[in-house]
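Student: I would like to learn how to read a protein model, one feature after another. Could we go through an example together, slowly?

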Amino acid sequence: MKKVILSVVAIAALGLTSCKNETKKVEDTTTTEVSKEIAMIDLSFGVRGNCGMCKSTIEKAANSVEGVASANWDVDKKKIDVSFDDTKTDAMTIHKAIAASGYDTEKVAGSEEAYKDLPGCCKYDHEMMMNQSGEMKSEDHSNHDH
Ligand SMILES: [Cu+2]
């Protein structure tokens with residue numbers, strides 16, 4: 001009696017595995033052409049600005065673009081690092097978004113209207129160098145009144 005039960009179980013198990021194999025074959029043929037890699041692009045470009053408030057405004061503008069994964073503006077270097085999905089957006093869209101918030105980028109001049117509404121400390125110099133080394137130059141007194 002036990003043997004009979006065992007063989008029934010064995011047959012059932014065989015049946016299950018063969019079913020599995022069949023479904024797996026179907027999956028194989030359908031899943032070949034699915035996921036193309038998501039291409040994240042890392043981009044850096046110059047953006048003018050003065051302080052921490054500028055930083056949050058600039059980064060908020062960049063992050064508001066759909067497809068942007070991260071944005072980090074460096075106050076000393078006057079430069080932003082952006083990571084974005086290039087199937088959803090492109091570099092120029094990000095430049096324009098930052099410019100619309102009032103800030104100059106390498107390629108697009110900042111909106112004058114938005115610039116007027118910036119806090120006083122954020123009214124940066126339009127002649128400011130972008131993409132600086134981040135090191136203070138002691139011989140550079142161009143921003144001071146001597
Ligand atoms: Cu500021």
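Tutor: Of the 146 residues of the protein chain, 29% count as buried, where buried means under 20% relative accessible area, exposed means over 50%, and partly exposed lies in between, with a 1.4 Å probe and protein chains only. Please keep in mind that this is a predicted model, in which local features need pLDDT of at least 70 and side-chain atom pairs count only at pLDDT 80 or more, while totals for chains, interfaces and linings use all residues. Residues are numbered from 1 along each chain as its sequence is written, and side-chain values use heavy atoms, with hydrogens and water left out.

Student: How many helices and strands does the protein chain have?

Tutor: Helices (H or I, at least four residues) and strands (E, at least two) are DSSP runs, numbered from the N terminus. In this case there are 4 helices and 3 strands, and along the sequence they follow the pattern α-β-α-β-β-α-α.

Student: Which residues have the most contacts inside the largest nonpolar core?

Tutor: In soluble globular proteins, nonpolar side chains tend to be buried together. A nonpolar core is here a set of buried Ala, Val, Leu, Ile, Met, Phe, Trp, Tyr and Cys residues joined through side-chain atoms within 4.5 Å. The largest one has 23 residues, and those with the most contacts inside it are Val47, Ile58, Ile80, Ile94, Ile98 and Tyr103. At least two residues of this core come from each of α2 (52-63), β2 (68-74), β3 (79-85) and α3 (91-100), and the largest share, 4 residues, is supplied by α2.

Student: What is Ile98 in contact with, leaving aside its neighbours within four places in sequence?

Tutor: Contact means heavy atoms within 4.5 Å, and by that rule the partners of Ile98, those neighbours left aside, are Phe45, Val47, Ile58, Ala61, Ala62, Ile80, Tyr103 and Thr105.

Student: Which atoms coordinate the copper ion?

Tutor: Donors are N, O and S atoms within 2.8 Å of the metal (3.2 Å for Na, K and Ca), and as water is not among the atoms, sites may look incomplete. The copper ion is coordinated at 2.1 Å by Cys51 (SG), Cys54 (SG) and Cys122 (SG), and these donors follow the spacing C-x2-C-x67-C along the chain.

Student: Why does Cys54 count as buried?

Tutor: Cys54 counts as buried because its relative accessibility is 0%. Ser56, in helix α2, is instead partly exposed, since its relative accessible area is 43%.
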